[in-house]
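Open the model in your viewer and keep the selection panel handy. This tour moves from one selection to the next and says what is there.

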Amino acid sequence: MILQVLHACYTKVFPSAEVENPKLVACSDSVADLLDLDPKEFEGPDFPLKFSGASPLVGAVPYAQCYGGHQFGTWAGQLGDGRAITLGEILNSKLERWELQLKGAGKTPYSRFADGLAVLRSSIREFLCSEAMHFLGIPTTRALCLVTTGKLVTRDMFYDGNPKEEPGAIVCRVAQSFLRFGSFQIHASRGEEDLGIVRALADYAIRHHFPHIENISKTESLSFSTGDDDQSVVDLTSNKYAAWIVEIAERTASLVAKWQGVGFTHGVLNTDNMNILGLTIDYGPFGFLDAFDPSYTPNTTDLPGRRYCFANQPDIGLWNIAQFASTLMAAHLISDKEANYAMERYGTKFMDEYQAIMRRKLGLQKYNKQLVNKLLNNLAVDKVDYTNFFRSLSNIKADPGIPEDELLVPLKAVLLDIGKERKEAWASWVQSYIQELVAGGISDEERKASMDSLNPKYVLRNYLCQTAIDAAEVGDFGEVRRLLKVMERPFDEQPGMEKYARLPPAWAYRPGVCMLSCSS
């Protein structure tokens, strides 16, 4: 039976993972800077003890959060932090709030039948991707450090009855808030007596994380028409909760647009994995597109229906906003008209952001829907590597006089194994593309610099993670650290690091590398 934690947003609980001679695997100087932490602290003998939970931080009042969520479209009831324990919140010198959370730190009241622990394999993925996404310019939770616990953890990776022991590890995650859509949903689901908690939590979130909404005045004229009559006007200055959900909807839309632009698939877009600040959160079976496939999902649990595949992410983001809006309506904080308006704004924001991203990825002065759609179709037909294609695209010159048999020369490294008919299709597209470039009037040099600053050379492909994991599991943390350094400069050429931009080798397509389960 699952313990139901009623009438509460969190439960105080101390880290309890067994630790024996913990070791620092990797750390982020960038996150240390956010926290005003001297990077020399990483070298101290007590650092791994503090960030494995073995040695309490002074002033910390650790807790695990209570939340619920829709998992694969079905309400799952109470979930909560089953293996994450928030140590507390700090204010840095810029008066920014940052929460520190240990993932894999032991059991909580929300662990259900699990052990509350994490293995090195999944912890490396979470640590590296948190930082890689940040340096790609995508809103995300961050990761300060990763430590091994010195203990083994039993996991059945493929749920096939063959469990094995793996090294245990703990990631220190950092975010301005770990509040999720599900943090509000759980209380609304429990009936009238808990609706006050939804309001109190919303007030807390607005006061601390959306203070500009708290201070909206009537003079700011935030009224919007949603129809033809007077009853269809939504005035965001008269209801802070309406203004709040509109901003959350727009932040979420902007986030998903950025995912689509860089070819990132989250894999588990349940409502409990949606952050109210519009951050990417919970790196489980994620994956960056290699061969372009709109139906790609990195999650073995998602295979039957591919609910969370790459192409579906924009619609799932909207569906999740709709569930969040229903929660606020149930708590009498917004009207159905305001909820519908928030969803409308999600759609508008997503299309505006996505079109702007694709226009800039292509180096165009204005968005060309037909050109983009034809390109995406070509990429899918020929299973072209998404990242490497866009990086190569900046080498095309805006010269309509290029001979037809030379049109594809700048793309020869990415258009592999295509026949005569497909070469003709690509040549036709490149001709149309060059016409657009000529019309734009930007020099080749300026356009290339702009495109290369948006189209990364390096993304955290799953096989790169696995290479680092394999080394770390036998005690060599060097590859984790090297990979972090490469991912901190994804748009730079980084001479000597070209191997990190290579296509996945054949072994990368085995289960456990290209695809993982929710709990991996």
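Start at a loop. His332 sits in the loop that joins α8 (313–330) to α9 (336–361). Keep in mind that this is a predicted model. Check the backbone of His332: phi is positive, about 60 degrees, although the residue is not a glycine. Is His332 buried or exposed? His332 is exposed, with a relative accessible area of 56%.

Next, select Arg112. This residue lies in the loop between β7 (97–103) and α3. Arg112 also has a positive phi, about 55 degrees, and is not a glycine. Its relative accessible area is 43%, so Arg112 counts as partly exposed, a class that runs between 20% and 50%.

Now follow that loop to a helix pair. Select α3 (residues 120–135) together with α14 (residues 462–472). Their axes come within 10 Å and cross at roughly 130 degrees. That angle makes α3 oblique to α14, because only angles over 145 degrees count as roughly antiparallel and 65 to 115 as roughly perpendicular. The crossing of the two helices is right-handed.

Show side chains at this contact. On α3, pick Leu120, Arg121, Ile124 and Arg125. On α14, pick Asn462, Cys465, Ala468, Ile469 and Ala472. Colour them by class: the contact of α3 with α14 has 6 nonpolar, 1 polar and 2 charged residues.

Now go to the core. The largest nonpolar core holds 124 residues. Which of its members touch the most others? Select Trp244 and Phe389. Then select helix α7 (residues 240–262), which gives this core its largest share, 14 residues.

Zoom in on Trp244. Leaving aside residues up to four places away in sequence, Trp244 touches Phe184, Ala202, Ala205, Ile206, Phe210, Ile213, Ile276, Phe324 and Leu328.

Terms used:
Residues numbered from 1 in each chain as written. Predicted model: local features only at pLDDT ≥ 70, side-chain atom pairs only at ≥ 80, totals over all residues. Heavy atoms only, no water. Axes fitted to C-alpha atoms, helices over the stretch in contact; angles between N-to-C directions. Helix = DSSP H or I, 4+ residues; strand = E, 2+ residues; numbered from the N terminus. Parallel < 35°, antiparallel > 145°, perpendicular 65-115°, else oblique. Left-handed = near helix turned anticlockwise from the far one by under 90°. Contact = heavy atoms within 4.5 Å. Nonpolar A, V, L, I, M, F, W, Y, C, P; charged D, E, K, R; others polar. Core = buried A, V, L, I, M, F, W, Y, C linked by side-chain atoms within 4.5 Å. Buried < 20%, exposed > 50% of the residue type's maximum accessible area, 1.4 Å probe, protein only.
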